[in-house]
Amino acid sequence: HLFKRKQLSVSIITMSLFAIAFFGAMLLFPTYFISVRGESTLAAGLLLAPQGIGAMVTMPLAGRLTDKMGPGKFVLGGLALIALGMGVFTQLTDTTSYVLILGSLFVMGMGMGMTMMPIMTAALASLSHQEVARGSTLMNIVQQAAASVGTATMSVILTDQLISKPAYQAGKAIQNDPSQAANFPPQLLAEIPGQMAEAFAFTFWVALIL
């Protein structure tokens, strides 16, 4: 019966698309750092810090100002920042500057901070006092389910793109059997990082569209 509230329904649709795209993309960042750039797991985690810092900057401000100005402007502004940051990742290569990558993660974090709390506020604002508990539970369920869908979707798309790359296939063959290295030209093996980066860039296009 909560879906009879138009504002709640719109908020849930927005939250679903946001969570599928954003949390699905979250899987791609550390995978790119480790697989393409050769970073350690610890380094990949630390390289994601700018995103958290960006969210830390905007989330408290968005929470306070949403009560005064309404959620619409903040959600649209946040989505624009996320799209701007993610747009950079659609152009990823195996040599993209870390300064550009970390700056884009910071911008995306700012966008996330401006998006999540206002969407939650908009959803719950239309409910009566007795409905808030159920509405809050519903929003959390939707967010978790959409994040899972996003992770699975981006994983499938990325995997499909990777297995279509001949250099990546050669690398996997050598990884499974090092003696296979002699069967592939050095030029093809040198293209492995670049072709992998192309697969990541394509997957980020899907997230950007969502």
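Colleague: At its relative accessibility, what does Tyr-98 count as?

Modeller: Tyr-98 has a relative accessibility of 23%, so it counts as partly exposed; buried means under 20% relative accessible area, exposed means over 50%, and partly exposed is what lies in between, with a 1.4 Å probe and protein chains only. Please keep in mind that this is a predicted model, in which local features need pLDDT of at least 70 and side-chain atom pairs count only at pLDDT 80 or more, whereas totals for chains, interfaces and linings use all residues. Residues are numbered from 1 along each chain as its sequence is written, and side-chain values use heavy atoms, with hydrogens and water left out.

Colleague: And which aromatic pair is Tyr-98 in, stacked or edge-to-face?

Modeller: I will start from the whole search, which finds nine aromatic pairs in the structure. Rings of Phe, Tyr and Trp (its six-membered ring) pair if their centres lie within 6.5 Å, and planes under 30 degrees apart count as stacked, over 60 as edge-to-face and the rest as tilted. One of the pairs is Phe-18 with Phe-22, which is stacked, with 5.4 Å centre to centre and 20° between the planes. Tyr-98 pairs with Phe-33, and this pair is edge-to-face, with 5.9 Å centre to centre and 80° between the planes.

Colleague: Changing topic, how many helices does the protein have, and how many strands?

Modeller: There are nine helices and zero strands, and the pattern along the sequence reads α-α-α-α-α-α-α-α-α. The C-alpha atoms fill a box of roughly 70 × 35 × 25 Å, taken along the principal axes. Of the 210 residues in the protein, 41% are buried.

Colleague: How many salt bridges does the count come to?

Modeller: The count comes to two salt bridges, where a salt bridge is a side-chain nitrogen of Lys or Arg within 4 Å of a carboxyl oxygen of Asp or Glu. In one of them the side chains of Arg-5 and Glu-131 meet at 2.9 Å, N to O. Arg-5 is in the segment before H1 and Glu-131 is in the loop between H5 and H6, 126 residues apart, and the pair links distant parts of the chain. Arg-5 counts as partly exposed because its relative accessibility is 28%, whereas Glu-131 has a relative accessible area of 10% and is therefore buried.

Colleague: Which side chain does Glu-198 meet in a salt bridge?

Modeller: Glu-198 meets Lys-165, at 3.3 Å, N to O. Glu-198 lies in helix H9 (residues 192–209) and Lys-165 in the loop between H6 and H7, so the pair ties together parts that are 33 residues apart in sequence. Glu-198 is partly exposed, with a relative accessible area of 44%, while Lys-165, at 14%, is buried.

Colleague: Leaving aside its neighbours within four places in sequence, what is Lys-165 in contact with?

Modeller: With those neighbours left aside, Lys-165 is in contact with Gln-195, Glu-198 and Ala-199, where contact means heavy atoms within 4.5 Å.

Colleague: Where is Ala-199 found?

Modeller: Ala-199 is in helix H9, and it counts as buried because its relative accessibility is 0%. Apart from neighbours within four places in sequence, Ala-199 is in contact with Leu-158, Gln-161, Leu-162 and Lys-165. The C-alpha atoms of Ala-199 and Leu-162 are separated by 5.7 Å, although these residues are 37 residues apart along the chain.

Notes:
Helices (H or I, at least four residues) and strands (E, at least two) are DSSP runs, numbered from the N terminus.
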